[in-house]
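Dear colleague,

I am passing on the structure below, together with my notes on what I found in it. Please read the notes with the coordinates open beside them.

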Amino acid sequence: MTIKKKILLIDDDKDFLFATKLILEKGGYEVFMAEDGKTGVEMWKSVTPDLAIIDMMMETWGEGFEVLNKIRSTDTGKETPLFMLSAVDLQGPYNSFEPPPEFPKVNKVLQKPIKADDLLNYIAKALGSK
Amino acid sequence: MTDKSGKPFILIIDDEEALRDGCSQVLEKAGYAVLTAEQGIEGIKLAREHVPDMAFIDLKMPNISGMEIIEILSRDIPDIVLVMITGFATIVSAVEAMQKGAYDYLPKPFNPDQLRALARRGLEHRNLKIETKRLRVEKDLMERNFITFVSHEMRSPLVVIMQYIEALNEIAGDRFDKDVKEIIERCRKRIQNLEELVEHWLDISRIEDGTFAQQKVSLSLDSIISRSVEEMIPVCRKRGISLETNIPQKLPQITGDAESLVRVFTNIIGNATKYTPEGGKITVTCQHDEFYINVSIADMGTGIPPDKLPLIFDPFFRCGGKNEKHSGSGLGLTFCKKIMESHKGCIAVSSKEGEGTTFVLTFPSQIDPERKRMGAVS
């Protein structure tokens, strides 16, 4: 039996977490969920996942970025693929978020809602190239 | 400000003792709290200290005149209702007092009924003014909060429902029979439409409050048109419609935001595809003179009845009525109109039932800097 790869989901919307977890489990991953940034960072340390998906805007705008910073600054977080989830609403009409150059590396910015196939493809790609 | 007992508060400034006392009595009996002052400086001091709701001010007094007092109080005390008392009411002095901020004037001699009536009317006026102000502030706040409200309270549930549908298909899609799959697909489609509607609605509010992100640069419309046409070719092909363009070689530059203009064009071409029958044609034609560039998008569709034509840019207006098979947010053309306005351009439509509809987009072209410097127009 192969060991399942671990994915950590950090999002303050319970339903979004659950729906995404179902998709990821079907894709053959072991899924861990955190409903806020603080728990997310703690779980990152205890679970050491192979990939994490972080919502850009949780309770407060910017919390997602703080989480990203904290994870990137841990020993295990330097090279692990990290995805960010963006809700379009703060981004104006162009649905895109361009991280500034000095920003910790984000491997992929995903738009909510995300198609199951796309999500699994991006993850497979990110984990395969590791 | 009302006094402690909740009574409306009236100030009387008059150098005649008898008049002060008389007015005081009448107004106090009528249920108001009253303060009096013998002359201007004292009156202004009292007013600043006690902030009355209303003040009666004699026009002719030693030192500071009533007119000056009115000017000062209307500036210093928000929403105060000022009435000028005058022994020689002339139209000229009344008009001047009103211009300085008085609500009305009361000619001497007056009787208690007149005084009471004016006090009541003045205070009513004040309340209405305050209420109007409050409502306006509330309205502005609501408008500002609207965008945040829509994005959080309406978008988030839609996003979650879409995600659940994705999850449902992913975990059990292969076990569903045809009917179940179709139901789910229809749900997905309806949610998607609703999401688009919210998105368009947000865009329009953003354009209105000026937070819609546009990067205006110097650009040529032919690149915008080719991009839009390229984007729409698959839809046209699917529907068996041909899409032709007729654009002159050298177009003057315009100042615009490429992304939103492409959305305007794809929107209008998209509309045209919905109403043009199979085998039909959509033609995009571009013409220009020194000052304007006109782009017309003509279809061979069903056309729009003349009585509905003026309404098509209104939000949520639909030509086909409720049972229309064409889906859409009902905000597409409103969006186009707003974007055109934000480009100092305009959008017009003409249509003949059974023959087709033509939209014309007019853009001001950039004035050639060379020519502008020389001051030559022709």
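How many of the five residues of strand E4 (residues 82-86) of chain A are buried? Four of the five are, so that E4(A) is mostly covered, where buried means that 20 or more other C-beta atoms lie within 10 Å of a residue's own, exposed means 12 or fewer, and partly exposed lies in between, the C-beta atoms being placed from the backbone.

Two remarks on conventions come before the rest. This is a predicted model, in which local features need pLDDT of at least 70 and side-chain atom pairs count only at pLDDT 80 or more, whereas totals for chains, interfaces and linings use all residues. Residues are numbered from 1 along each chain as its sequence is written, while chains are lettered from A and ligands numbered from 1 in the order in which they are written.

The sheet of chain A

Chain A has four helices and five strands, these being DSSP runs numbered from the N terminus (helices: H or I, at least four residues; strands: E, at least two), and from the N terminus on its elements follow the order β-α-β-α-β-α-β-β-α. Strand E1 (residues 6-10) of chain A is also mostly covered, with four of its five residues buried. E1(A) runs parallel to strand E2 (residues 30-34) of chain A, to which five bridges join it, two strands being counted as paired if DSSP finds at least two bridges between them. Within that pairing, A:Ile10 has A:Ala34 as its bridge partner in E2(A).

Finally, four bridges in the parallel sense link E4(A) to strand E5 (residues 108-111) of chain A, with A:Phe83 partnered by A:Lys108.

Cores and the contact between chains

The largest nonpolar core has 37 residues, and those with the most contacts inside it are A:Ile7, A:Ala52 and A:Ile54; such a core is a set of buried Ala, Val, Leu, Ile, Met, Phe, Trp, Tyr and Cys residues joined through C-beta atoms within 7 Å. H1(A) gives the most to this core, with six residues. Apart from it lies another core, of 34 residues, which includes B:Leu243, B:Ile297, B:Ile339 and B:Met340.

Between the chains, 17 residues of chain A are in contact with 19 residues of chain B, contact meaning that the C-beta atoms of two residues, placed from the backbone, lie within 7 Å. H1(A) contributes the most to the side of chain A that touches chain B, with seven residues.

Chain B and some local features

In helix H3 (residues 66-76) of chain B, the residues B:Gly66, B:Ile69, B:Ile70 and B:Leu73 are buried. They lie on the same side of H3(B), because they cover an arc of only 100° around the axis, the arc being that of the directions from the helix axis to the C-beta atoms.

B:Tyr32, in the loop between helix H1 (17-29) and strand E2 (33-37) of chain B, is buried, with 22 other C-beta atoms within 10 Å. Not counting residues up to four places away in sequence, B:Tyr32 touches B:Lys7, B:Pro8, B:Ile10, B:Leu27 and B:Ala119.

Two peptide bonds deserve a look. The one joining A:Lys112 and A:Pro113 is cis, with omega about -10°, and A:Pro113 lies in the loop between E5 and helix H4 (116-128) of chain A. The bond from B:Lys108 to B:Pro109 is likewise cis, with omega near -10°.

As for backbone angles, A:Thr48 has a positive phi of about 40° although it is not a glycine, and A:Thr48 is partly exposed, with 14 other C-beta atoms within 10 Å. B:Lys344, also not a glycine, has a positive phi of about 60°, and B:Lys344 counts as exposed, with 12 C-beta neighbours inside 10 Å.

With best wishes
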